[in-house]
Amino acid sequence: MGKLESRDSRKIIHTFSAPFFLILWPLYSSADGARYFASIAPLLQALTLWLAARGGEDASDEELANTLSRGGDAEEVLGGPFIYVVVLLCSILGFWTNNLVGIMAVTVMAIGDGLADIVGRRWGANNKWFFSPSKSVAGSLAFVIGSSLGSIALVSWLAYTNTIILPSSFGIAALAARIVLICSICAFVELLPIVDDNLSVPIAAAILTSLFLYLPTVVR
């Protein structure tokens, strides 16, 4: 249990890399072009992963593919790792700091899915979900708790630094409660073997954030 496996290393990167990038958003200016400058890093990473998966001639491409893939197959890089970076890129270009939609999509995908895998594999062997035997109750609890706390912390930080403006239709406690609700529903979505959860989870988070945090403003 004490040994850090290679899959754990990948999931730790999965859990913290995108949120760490979001923490740095206050360093960007409020100019309209800032989102395009911020998108350079994930865009270059996406291109790097694409070339690595397609068998780049550089030895570093092969090493990167072996590091990020579960079984050493370069094509696996175009699954979870590539989708992860593309979701981050789309969140920057599509939403940026205009609202919480992109921020929630990235944070729930990164922290929730990452912790669910790490905790589930270590402490979920005896508490599997009956309808999703590859997932565990322990992993789902880690998903909800980790993504809720991470999302609330990141949103608070970005609001404190005046990087984003919080929805004004309800108070801080109500906002936190809605974030927990969003993360809980996304934890259920993660259990469904429909598509890669690096895709289904952020899409669900984006839709739910729009409905629960911004639809009330529109209705009013």
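Me: A crossing is left-handed if the near helix is turned anticlockwise from the far one by less than a right angle, and right-handed if clockwise. With which handedness does α7 pass α8?

Reply: This is a predicted model, in which local features need pLDDT of at least 70 and side-chain atom pairs pLDDT 80 or more, while totals for chains, interfaces and linings use all residues. Residues are numbered from 1 along each chain as its sequence is written, and side-chain values use heavy atoms, leaving out hydrogens and water. The two helices are α7, which covers residues 137–160, and α8, which covers residues 172–191. The crossing in which α7 passes α8 is right-handed.

Me: In what order do the elements of the chain run from the N terminus on?

Reply: The chain holds nine helices and two strands, where helices (H or I, at least four residues) and strands (E, at least two) are DSSP runs numbered from the N terminus. Read from that end onwards, the elements follow the order α-α-α-α-α-α-β-β-α-α-α.

Me: What share of the contacts in the chain between residues at least 6 apart in sequence joins residues at least 24 apart?

Reply: Contact here means heavy atoms within 4.5 Å. When the contacts in the chain are limited to pairs at least 6 apart in sequence, the share that joins residues at least 24 apart is 74%.

Me: How are α7 and α8 oriented to each other?

Reply: The axes of α7 and α8 (lines fitted to C-alpha atoms, for helices over the stretch in contact, with angles from 0 to 180 degrees between N-to-C directions) come within 9 Å and cross at roughly 140°. Angles under 35 degrees count as roughly parallel, over 145 as roughly antiparallel, 65 to 115 as roughly perpendicular and the rest as oblique. The angle therefore makes the orientation of α7 to α8 oblique.

Me: Which residues of α8 do the residues of α7 meet?

Reply: On the α7 side, the residues that take part are Ser 140, Phe 143, Val 144, Ser 147, Ser 148, Ser 151, Ile 152 and Val 155. Their partners in α8 are Leu 175, Ala 176, Ile 179, Val 180, Cys 183, Ser 184, Cys 186, Ala 187, Glu 190 and Leu 191.

Me: How are α5 and α6 oriented to each other?

Reply: Helix α5, made of residues 80–94, packs against helix α6, made of residues 101–123, at an angle of about 160° and with the axes 9 Å apart. Tyr 84, Val 87, Leu 88 and Ser 91 in α5 meet Gly 102, Ala 105, Val 106, Met 109 and Ala 110 in α6, and α5 passes α6 in a left-handed crossing. Given the angle between them, α5 and α6 are therefore roughly antiparallel.

Me: Is Trp 96 buried or exposed?

Reply: Trp 96 has its place in the loop between α5 and α6, and its phi is near 50°, a positive value in a residue other than glycine. Most residues other than glycine have a negative phi. Buried means under 20% relative accessible area, exposed over 50% and partly exposed in between, with a 1.4 Å probe and protein chains only. Because its relative accessible area is 5%, Trp 96 is buried.

Me: Is Asn 162 buried or exposed?

Reply: Asn 162 is found in the loop between α7 and α8, and its phi, near 60°, is again a positive value in a residue other than glycine. Because its relative accessibility is 69%, Asn 162 counts as exposed.

Me: Which residues does Ser 39 touch, not counting those up to four places away in sequence?

Reply: Ser 39 lies in the loop between α2, residues 34–38, and α3, residues 40–53. With a relative accessibility of 7%, Ser 39 counts as buried. Once residues up to four places away in sequence are set aside, Ser 39 touches Leu 89, Ile 92 and Leu 93.

Me: What separation do the C-alpha atoms of Pro 26 and Thr 161 have?

Reply: Pro 26 sits in the loop between α1, residues 6–23, and α2, and its relative accessible area of 26% makes it partly exposed. Leaving aside neighbours within four places in sequence, Pro 26 is in contact with Trp 157, Leu 158, Thr 161 and Thr 163. Although Pro 26 and Thr 161 are 135 residues apart along the chain, their C-alpha atoms are separated by 6.4 Å.

Me: What separation do the C-alpha atoms of Leu 192 and Ser 132 have?

Reply: Leu 192 lies in the loop between α8 and α9, the latter being residues 197–219, and at 27% relative accessibility Leu 192 counts as partly exposed. Leu 192 and Ser 132 are 60 residues apart along the chain, and the separation of their C-alpha atoms is 7.2 Å.
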